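Here is a short tour to read alongside the sequence and the 3D view. Keep both open as you go.

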Amino acid sequence: DALEVEERSILGAEQEAWLIDGLSTSSTTWNILANPIMLAGLNVGTADEPEITRDAWDGYPATRQRLLEAITASEVPNPVVVTGDWHASFVLDVAAEPGGPTVMPEFLASSISTVLFDTDYRPANPHVRYFVAEHGYALVTVTPDDLRCDFRYIEDVWDPDTAISHTDSWVLAE
């Protein structure tokens with residue numbers, strides 16, 4: 001299977017080495033990976049018949065495995081993933097293998113106005129802690145003591161002065 005080829009990379013060898021080296025030697029309080037596509041992985045099938053989407057790090061399992069193993073082996077302080085581009089909001093546990101220990105959380109923000117992906121995949125994905133299919137955005141605030149992700153949802157995508165309809169917040173302590 002082409003997905004299992006070790007050389008298949010979402011980053012390329014040079015960028016992957018740079019990222020792993022930077023994380024492995026980091027002494028910062030928070031290590032935030034700004035990421036364009038879901039890292040945690042998502043079964044878009046069923047528990048009995050799993051199916052992945054290649055429009056995520058699921059399409060690059062060897063790269064994801066190397067990254068997560070490096071973060072674990074180096075004991076990277078407070079790793080967190082902040083992601084966009086799923087057309088829904090998620091909070092996910094990122095693990096090196098399905099059902100394994102959490103390496104880091106992932107906060108995935110919805111979109112302001114694109115078509116929503118409203119299928120709730122939580123029944124086949126126990127690592128999904130939160131799912132909301134509404135238009136909005138995420139605001140991430142980082143302090144030395146905590147990281148806060150506020151998912152803010154808007155009332156009307158067609159109104160440039162629309163109000164925030166509600167906010168759901170998640171906080172990580174250092």
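## A first question

Does D58 count as buried or exposed? At 8% relative accessibility, D58 counts as buried. Please keep in mind that this is a predicted model.

D58 also has a charged partner: its side chain meets that of R64 in a salt bridge, at 2.8 Å from N to O. R64 is buried as well, with a relative accessible area of 14%.

## Overall build

Let's step back to the whole chain. The protein chain has two helices and eight strands. Starting at the N terminus, its elements follow the order α-β-α-β-β-β-β-β-β-β. The radius of gyration is 17 Å, close to the 16 Å that the globule rule gives for 174 residues, so the protein chain is as compact as a globular protein of that length.

Along its principal axes, the C-alpha trace spans about 45 × 45 × 25 Å. Of the 174 residues in the protein chain, 40% are buried.

## Salt bridges

How many salt bridges does a search of the whole structure find? The search finds five, and the pair of R64 and D58 is one of the salt bridges.

Another joins the side chains of E16 and R66, at 2.5 Å from N to O. Because E16 sits in helix α1 (residues 13-24) and R66 in helix α2, this pair ties together parts that are 50 residues apart in sequence. E16 is buried, with a relative accessible area of 9%, while R66 counts as partly exposed at 25% relative accessibility. D150 and R148 also meet through their side chains in a salt bridge, at 2.8 Å from N to O. Here D150 counts as buried at 7% relative accessibility, whereas R148 is partly exposed, with a relative accessible area of 35%.

## A negative patch

Now turn to the surface. E155, D156, D159 and D161 gather there in a patch of negative charge. One of them, D161, lies in the loop between β7 (146-154) and β8 (164-173). D161 is exposed, with a relative accessible area of 70%.

## Two backbone details

Which residue in the loop between α2 (61-73) and β2 (79-83) deserves a look? N78 is found there, and N78 has a positive phi of about 45° although it is not a glycine.

H87, in the loop between β2 and β3 (89-95), also has a positive phi, about 70°, although it is not a glycine. At 17% relative accessibility, H87 counts as buried.

Definitions and conventions: Residues are numbered from 1 along each chain as its sequence is written. This is a predicted model: local features need pLDDT of at least 70, side-chain atom pairs count only at pLDDT 80 or more; totals for chains, interfaces and linings use all residues. Side-chain values use heavy atoms; hydrogens and water are left out. Patches are made of residues with over 30% relative accessible area and no salt bridge: like charges are joined within 9 Å, nonpolar side chains (Val, Leu, Ile, Met, Phe, Trp, Tyr) within 5 Å. Accessible areas come from the Shrake-Rupley method with a 1.4 Å probe; for residues, only the protein chains shown count as cover. A salt bridge is a side-chain nitrogen of Lys or Arg within 4 Å of a carboxyl oxygen of Asp or Glu. Lys and Arg count as positive and Asp and Glu as negative; His and the chain ends are not counted. The place of a charge is taken as NZ of Lys, CZ of Arg, CG of Asp or CD of Glu. Helices (H or I, at least four residues) and strands (E, at least two) are DSSP runs, numbered from the N terminus. Buried means under 20% relative accessible area, exposed over 50%, partly exposed in between (1.4 Å probe, protein chains only). The radius of gyration is taken over C-alpha atoms; the globule rule is 2.2 Å times the number of residues to the power 0.38.
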